[in-house]
Amino acid sequence: SRTSLWGGRFAGGPAEALARLSVSVQFDWRLAPYDLAASRAHARVLAYAGLLDAEELGQMLAALDDLEAACASGSFRPTVEDEDVHTALERGLLERLGTLGGKLRAGRSRNDQVATDLRLYLRDHARGVAARLVELADALVEQAAQHVSTPAPGMTHVQHAQPVSFGHWLLAHVQPLLRDLDRLRDWDKRTAISPLGAGALAGSSLPLDPVVVAKELGFTTSAANSMDAVADRDFAAEFLFVTALAGVHLSRLGEEVVMWTSQEFGWVELDDAFATGSSIMPQKKNADIAELARGKSGRLIGGLVTVLTMLKGLPLTYDRDMQEDKEPVFDAVDTLELLLPALAGMISTMTVRADRLAAAAPVGFTLATEVADWLVRKHVPFRDAHEITGKLVSLCEARDCALDELSDDDLQKVSPLLTPEVRQVLTVESALASRTTPGSTGPGPVADQLASVQDKLETW
Ligand code: ARG
């Protein structure tokens, strides 16, 4: 008995090399629950249209339930003969129903089916990815809450720049994750459109209501154009953009954790459970999770490039090239589902060395801008203030001392404008406290930011 879905006009079976190339069931089998859900919805509209009677519908739905249970328990598995998930499941249905099973294929095609299955799968799994992103954001927020007033040397070009609150720094990693969450939510609106009813590409001559099917599957409505419905993979490409960008955000966080845990920084110590050792160097404690966050961003970006390149120049409507859409999106989901819990655990269990951060905060003349701003408040043009402060720094460098170690005399020699009063701004605490505008790094605005981030995360 032939299990292929398309053998009718062919003299013999496919060549071994063709079969091996075209088979997708080894990776698309994970769509089975979604394909079965779509089949149930399709069976119902066939019945509404009078193409299945009540008894046939009952048998069909019972067989689909039975098949679903068999798939879940593993007693029904795809075989090497099954080209794809749709082929395998039709075989399962025929095994249970005989010829009645053959009625389900009316008015639909694998083209609208696969597009529907993949949308269902991704909408479902995007919710899981979002939940894991929220957990990582929560872990960062919890650490940030402990360090609202912990000073740290904020950097540009990896050079000490200006003192910041370490809590503010951690929240600067939360903000992009909140945007990723927003992007996933927005992506879902466009993905909640059902391709079912498009058939192969032209819709159906059978009186099947695509809107009813759409609603039954949790979509908002059905596709406006049957050709677009089967040709469109924007939802896959856009999902991959969102996951690639999230991967980039995780990679930047990962890189910072790698630096922070190095001997040279020593700002953070990882919990033993979230660090690895070396097979030869007994003293080693490595931030492998952070490094894998950095490394795995490569495959997330690669997935996006794969799908965009695959789609570029494809004529409407369905082309077999599009079968290549699945592995990148599955891999993106798998990658984030592995990575995010590990990162969340690493962040929530790490120990922040507030003493080392505070000691590093003023190093490298990070308070120089405070001096320049102080001069500006004395009505010195910033250009001159910058020049005067630069001279101050170079004097300190020559003396190998810090700004606050210069004598009143030294200050006067650099510029008569530099009265002893300037010392008031030469502390990290005053630098932070003076930053009271919204979004800046002072304790007030950071506390406000923390509260608003916590609010947003709670409603997710
Ligand atoms: N396995 C195919 C895919 O993933 C299903 C659609 C096949 N349609 C076709 N006309 N060959 O794209």
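1. Asp-400 is exposed, with 7 other C-beta atoms within 10 Å. Exposed means 12 or fewer such atoms, with C-beta atoms placed from the backbone; buried means 20 or more. Asp-400 has a positive phi of about 55° and is not a glycine. The residue sits in the loop between α15 (382-399) and α16 (408-414). Helices here are DSSP runs of H or I, at least four residues; strands are E, at least two.

2. This is a predicted model: local features need pLDDT of at least 70, side-chain atom pairs need 80 or more, and totals for chains, interfaces and linings use all residues. Numbering starts from 1 along each chain as its sequence is written.

3. His-157 also shows a positive phi of about 55° without being a glycine. Its loop joins β1 (151-156) and β2 (159-165). His-157 is exposed, with 6 other C-beta atoms within 10 Å.

4. Check the peptide bond between Leu-316 and Thr-317: it is cis, with omega about 5°. Thr-317 lies in the loop between α11 (288-311) and α12 (326-349).

5. The axes of α6 (110-146) and α7 (166-191) come within 9 Å and cross at roughly 165°. Axes are lines fitted to C-alpha atoms over the stretch in contact, with angles from 0 to 180 degrees between N-to-C directions. The two helices are therefore roughly antiparallel, a label for angles over 145 degrees.

6. Leu-240 is in contact (C-beta atoms within 7 Å) with residues including Gly-303, Leu-304 and Pro-328, leaving aside neighbours within four places in sequence.

Technical notes. Parallel < 35°, antiparallel > 145°, perpendicular 65-115°, else oblique. Contact = placed C-beta atoms within 7 Å.
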